[in-house]
Amino acid sequence: MNSSIQLQNPVYTNPEKITILDFGCGIGRFLFQAYEFLTKVKKIDKRKAIENNLTGVDIDEIALDILKIKLFTSLEQPDLNDLELISNKIIKMNLLIFEND
């Protein structure tokens, strides 16, 4: 097996192009692990990772609040702008039901 395989896909070479949607995120077990991978392994700034790489959706508002708190407390010196950013990326919605207005 060739151990010097070069990855040509821009997603692998540019981690800022990774987009993760968890459409049943609950308290964020998967989404928070992805966040930690992006920030620790791929060295993306925590705020940039939330803003550009992550989106979480669920119908359970309490679970979403727990995820928002986890993300908020993971930031260094969080402020109200960070809370707004997180709230825009963690959305209460049921993606399994199509609603035609």
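Is F72 buried, partly exposed or exposed? F72 is partly exposed, because its relative accessible area is 22%, where buried means under 20%, exposed over 50% and partly exposed in between (1.4 Å probe, protein chains only). The views below come from a predicted model, in which local features need pLDDT of at least 70, side-chain atom pairs count only at pLDDT 80 or more, and totals for chains, interfaces and linings use all residues. Residues are numbered from 1 along each chain as its sequence is written, and side-chain values use heavy atoms, with hydrogens and water left out.

**View 1. Overall fold of the protein.** The secondary structure consists of 5 helices and 3 strands, where helices (H or I, at least four residues) and strands (E, at least two) are DSSP runs numbered from the N terminus. Along the sequence these elements follow the pattern α-β-α-α-β-α-α-β. Of the 101 residues, 33% are buried. Contact means heavy atoms within 4.5 Å; among contacts between residues at least 6 apart in sequence, 67% join residues at least 24 apart.

**View 2. Surroundings of F72.** This residue belongs to helix α4 (residues 61-74). Leaving aside residues up to four places away in sequence, F72 touches P78, D79, D82, L83 and I86.

**View 3. The aromatic pair of F32 and Y35.** Rings of Phe, Tyr and Trp (its six-membered ring) pair if their centres lie within 6.5 Å; planes under 30 degrees apart count as stacked, over 60 as edge-to-face and the rest as tilted. The count by this rule is 1 aromatic pair. F32 and Y35 form this tilted pair, at 5.4 Å centre to centre and with 45 degrees between the planes. Both residues lie in helix α2 (residues 29-41), 3 residues apart, about one turn of the helix, and both are buried. K70 lies over the face of F32, 4.9 Å from the ring centre; the criterion is NZ of Lys or CZ of Arg within 6 Å of the ring centre and within 35 degrees of the ring normal.

**View 4. A nonpolar surface patch.** L21, F23, M93, L95, L96 and I97 make a nonpolar patch of about 650 Å². Patches are made of residues with over 30% relative accessible area and no salt bridge, like charges being joined within 9 Å and nonpolar side chains (Val, Leu, Ile, Met, Phe, Trp, Tyr) within 5 Å. A salt bridge is a side-chain nitrogen of Lys or Arg within 4 Å of a carboxyl oxygen of Asp or Glu. L21 is found in strand β1 (residues 20-22).

Conventions. Accessible areas come from the Shrake-Rupley method with a 1.4 Å probe; for residues, only the protein chains shown count as cover.
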